[in-house]
Amino acid sequence: MFKRLIQREPALDGGEHSQHLIVLRDVKKVYKTDAGDFLALKGIDLTIDKGEFVGIVGKSGSGKSTLVNMITGIDRPSSGEVYMNGTAIHHFNEGQMAKWRGVTMGVVFQFFQLLPTLTVIENVMLPMDFCNMYSWRERQDRAMELLRLVDVETQAHKLPTMISGGQQQRVAIARALANDPPIVVADEPTGNLDSRTAEQVFQLFAGLVAQGKTFLMVTHDDELAERMSRVITITDGELVRDSAPVALEMQES
Ligand code: ADP
Ligand code: MG
């Protein structure tokens with residue numbers, strides 16, 4: 001069952017959704033609050049293809065994280081559809097979602113979210129353990145290789161609290177890459193980094209895109225956004241601007 005979900009095969013749902021890596025159709029999200037229902041996403045239609053480097057920009061509170069959470073499956077739409085490689089992830093239960101996400105998607109959070117009781121290298125090995133990817137021996141080697149890639153291998157056996165914020169974010173990136181996911185999603189990954197570290201992280205992401213990964217990144221930084229292949233602007237829960245829809249239409253035909 002699990003294997004089936006990750007195969008890049010004809011869609012379970014068939015049709016148009018299977019042609020694209022990520023498809024959102026009329027996605028709405030309602031948050032229940034004490035003050036009543038709040039419509040955080042007002043019907044988002046969005047298509048993303050393999051190899052795109054997509055920036056998501058917009059004011060604070062506009063719905064960027066909510067949108068990203070629909071794509072990662074961390075949260076569910078109130079209505080509408082989300083397809084990945086033609087698979088309807090909005091129909092997954094929690095267990096299916098967690099396993100599927102573990103091999104399909106690397107997620108980098110703004111505040112890193114490393115497990116404080118595990119060492120750096122244990123944090124990076126965790127997704128491999130969870131999805132039972134690679135042999136135990138390979139897991140260690142692979143985790144160390146990823147820590148080397150993000151230049152924190154000397155910190156491997158420390159606890160996250162003993163290293164700097166910039167280093168913690170790099171560890172979080174290494175963790176996101178643990179299972180070599182085809183898609184990486186990062187919600188303001190450079191928001192808490194100094195500009196030099198932010199640039200290094202951006203370069204790392206650009207390198208992953210060059211290797212064929214698909215990358216979505218929420219950012220406040222317009223200069224960074226301009227360097228991505230496509231920029232989507234969210235305002236009050238609506239997609240108000242997309243720099244690349246025309247190019248995509250052309251790819252389809
Ligand atoms: P952004 O990431 O663009 O800053 P968010 O997606 O976090 O925006 O939030 C969009 C809107 O939804 C904001 O008005 C926020 O206050 C509201 N919101 C986000 N999460 C919740 C929640 N769990 N419950 C209620 N309201 C929420
Ligand atoms: Mg946010």
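**View 1. Valine 30 in strand E1.** Valine 30 belongs to strand E1, residues 22-33 (strands, E, are DSSP runs of at least two residues and helices, H or I, of at least four, numbered from the N terminus). This is a predicted model, in which local features need pLDDT of at least 70 and side-chain atom pairs count only at pLDDT 80 or more, while totals for chains, interfaces and linings use all residues. Residues are numbered from 1 along each chain as its sequence is written, chains are lettered from A and ligands numbered from 1 in the order in which they are written, and side-chain values use heavy atoms, without hydrogens and water. Valine 30 is partly exposed, at 26% relative accessibility (buried is under 20%, exposed over 50%, partly exposed in between, with a 1.4 Å probe and protein chains only). Leaving out residues up to four places away in sequence, valine 30 touches Asp37, Phe38, Leu39 and Ser78 (contact means heavy atoms within 4.5 Å).

**View 2. Histidine 90 in a loop.** The loop that holds histidine 90 runs between strand E5 (87-88) and helix H3 (94-104). Histidine 90 has a relative accessible area of 18%, so this residue counts as buried. Apart from neighbours within four places in sequence, histidine 90 is in contact with Arg76, Pro77, Gly80, Glu81, Val82 and Tyr83.

**View 3. Helices H4 and H5.** The axes of H4 (residues 120-131) and H5 (residues 136-149) come within 9 Å and cross at roughly 125 degrees (axes are lines fitted to C-alpha atoms, for helices over the stretch in contact, with angles from 0 to 180 degrees between N-to-C directions). H4 is therefore oblique to H5 (under 35 degrees is roughly parallel, over 145 roughly antiparallel, 65 to 115 roughly perpendicular, and the rest oblique). Residues of H4 in the contact include Val120 and Met128, and those of H5 include Trp136 and Leu147.
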